[in-house]
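Here is a brief report on a ligand site and a sheet. Have the sequence and the model open as you read.

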Amino acid sequence: MADTTYTPPPVWSADTVSGGRFASINRPTAGAREDKELPVGEHPLQLYSLATPNGVKATIMLEELVEAGHAGAEYDAWTINIGDGEQFGSGFVGVNPNSKIPALLDRSGPAPFRVFESGAILVHLAEKFGMFLPTDPAARAEVIRLLLHHRKELQSELARRVILKFTPVLRFHEDRAPERADRILHILDELGLPNEAPDKPAADKPTDDEA
Ligand SMILES: N[C@@H](CCC(=O)N[C@@H](CS)C(=O)NCC(=O)O)C(=O)O
């Protein structure tokens, strides 16, 4: 039953004791907390994940692709135990500076690249193997709409609805909102932005006068 007596602190601090398993794990800053390389297996796709609601999205997608006969979708799956803080090892932070599972390393081409955010992994795999993402613009827009709507609206609101029943977790979520925002800003400041914009076609590049 929800505890209606709870009042969030007027001034939030990272030291706020708010309960919840991740309260002591998460911080308002991003970045690696220890040197720890990620294992790499024999397949072109390396999945670093766990069987959580976000984690299984990538796994189900890969399994569907393999089942459909896409040999290139064979992958090595590595467990990242977020309860033990493995998402803060240097190797994992390299594939997701936000330290959340799932994350994918695509080593199928000459230059390996990372893909994180469960929705982005689904889109990447759908495009790579030509499955699940229609080419017809209207159908494609509908699939993208469903994916984003699920990710942003449905999932978070349903989760909040369930969480409201559990006071310690509610406290965790309410108290941790500023922390999560600070961490995202930290990533934007220091970790997540490439040093240079991706190459644009020459015609799109600004001339000296425009730059
Ligand atoms: N927007 C992200 C969210 C991923 C996410 O929240 N993952 C959770 C597990 S379901 C996690 O890694 N939590 C670890 C933590 O918060 O430290 C996505 O869709 O991939």
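## Ligand shell

The shell around the ligand divides into 5 nonpolar, 8 polar and 2 charged residues. Here Ala, Val, Leu, Ile, Met, Phe, Trp, Tyr, Cys and Pro count as nonpolar, Asp, Glu, Lys and Arg as charged, and the others, Gly among them, as polar. Of the 15 residues around the ligand, T52, N54, I82, K100 and S118 come nearest. A residue is near a molecule or strand if its C-beta atom, placed from the backbone, lies within 6 Å of it.

Two helices, α1 (53-67) and α3 (118-129), each supply at least two shell residues. The largest share, 3 residues, comes from α1. Helices (H or I, at least four residues) and strands (E, at least two) are DSSP runs, numbered from the N terminus.

## Basis of the model

This is a predicted model: local features need pLDDT of at least 70, side-chain atom pairs count only at pLDDT 80 or more, and totals for chains, interfaces and linings use all residues. Residues are numbered from 1 along each chain as its sequence is written.

## Sheet and packing

Four strands form an open sheet in the order β2-β1-β3-β4, with mixed pairing. Strands pair if DSSP finds at least two bridges between them. β2 (75-79) and β4 (113-116) are the edge strands, each pairing on one side only.

β1 (residues 45-49) and β2 pair in the parallel sense over 5 bridges. Q46 has D76 in β2 as its bridge partner. α1 packs on the sheet and touches β1, β2 and β3 (103-106); contact means C-beta atoms, placed from the backbone, within 7 Å. The direction of α1 makes about 150 degrees with that of β1. Axes are lines fitted to C-alpha atoms, for helices over the stretch in contact, and angles run from 0 to 180 degrees between N-to-C directions.

Terms used
Contact = placed C-beta atoms within 7 Å.
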